[in-house]
Every structure is written in C-alpha cells, then in structure tokens.
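Morning, everyone. Let's talk salt bridges today. Please have a look at the model.

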Amino acid sequence: MGAVAMSDEDISELYSYIATAAVAKGASIVEANGCVGCHTTDGTPSAGPSFKGMGMLDDAYIRDAILSPNKDIAEGYSPIMPATEMSDEDIAEVTKYLKAL
C-alpha cells in the first residue's frame, strides 16, 4: 500500500473525527452509569462536583474517584457517590472524556 497524500485540512478533520469518537465512548459510559445525575459538564453546581476541569487531574486520581469515591471527598460535597465497578478499558475511556471537557 502506497502513501496517501493528505492536506493539512484533511489531517485536521481526520484527527477531529477520531478524537470525537473516543470522547463519545467515554460520554456514553458516563451516561450509562448515571454519573450525569449528580455531575455536570459545564461547571454548574450539583450534588457532585462538575466534570468541567477534572481533565487536569491525574489519571490515577480519576481511577480512584471512580472505584473508591469516598477515599477523597471534594471540598464542599458529601460522601454520597456509590462505588462504581468499571473495567480498566471503560475507566480509560471515561478519563479521555473528562480530559476533553
């Protein structure tokens, strides 16, 4: 198979498409697990902290927050989040999603 010539614009569009697909999977997992019942994505207050800005958190912290949510409670919030059983793959997808917000 030979090389395929692509313009910078084509490469940018392809990258956006791939990134959007990866983020969509994480968003779907968040929705399916009911996370949006307590967490927003736009920074508005809710029962749990907003997902907006969580992308700057360490991957290990995000993993712990999903699997052991009462280990480290965000200031101003009650320890009400239930532990969530999630595969390593799903946690990675959710992490990608949070980092994209």
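Start with Asp59. At 44% relative accessibility, Asp59 is partly exposed. By that I mean between the two cut-offs: buried is under 20% relative accessible area and exposed is over 50%, with a 1.4 Å probe and protein chains only. This is a predicted model, where local features need pLDDT of at least 70, side-chain atom pairs count only at pLDDT 80 or more, and totals for chains, interfaces and linings use all residues. Residues are numbered from 1 along each chain as its sequence is written, and side-chain values use heavy atoms, with hydrogens and water left out.

What does Asp59 meet in a salt bridge? Lys99, at 3.1 Å, N to O. A salt bridge here is a side-chain nitrogen of Lys or Arg within 4 Å of a carboxyl oxygen of Asp or Glu. The pair links distant parts of the chain: Asp59 sits in helix H2 (residues 59-67), Lys99 in helix H3, 40 residues apart. Helices are DSSP runs of H or I, at least four residues, numbered from the N terminus. Lys99 is partly exposed too, at 38%.

How many salt bridges does the whole structure hold? The search finds 5.

Next, Glu89 and Lys25. Their side chains meet at 2.9 Å, N to O. Glu89 is in helix H3 (residues 88-100) and Lys25 in helix H1 (residues 8-32), so this bridge ties together parts 64 residues apart in sequence. Glu89 is partly exposed at 48%. Lys25 is partly exposed at 37%.

Last pair: Lys96 and Glu93, at 3.3 Å, N to O. Both lie in helix H3, 3 residues apart, about one turn of the helix. Lys96 is partly exposed, at 40%. Glu93 is buried, at 11%.

Conventions:
Helices (H or I, at least four residues) and strands (E, at least two) are DSSP runs, numbered from the N terminus.
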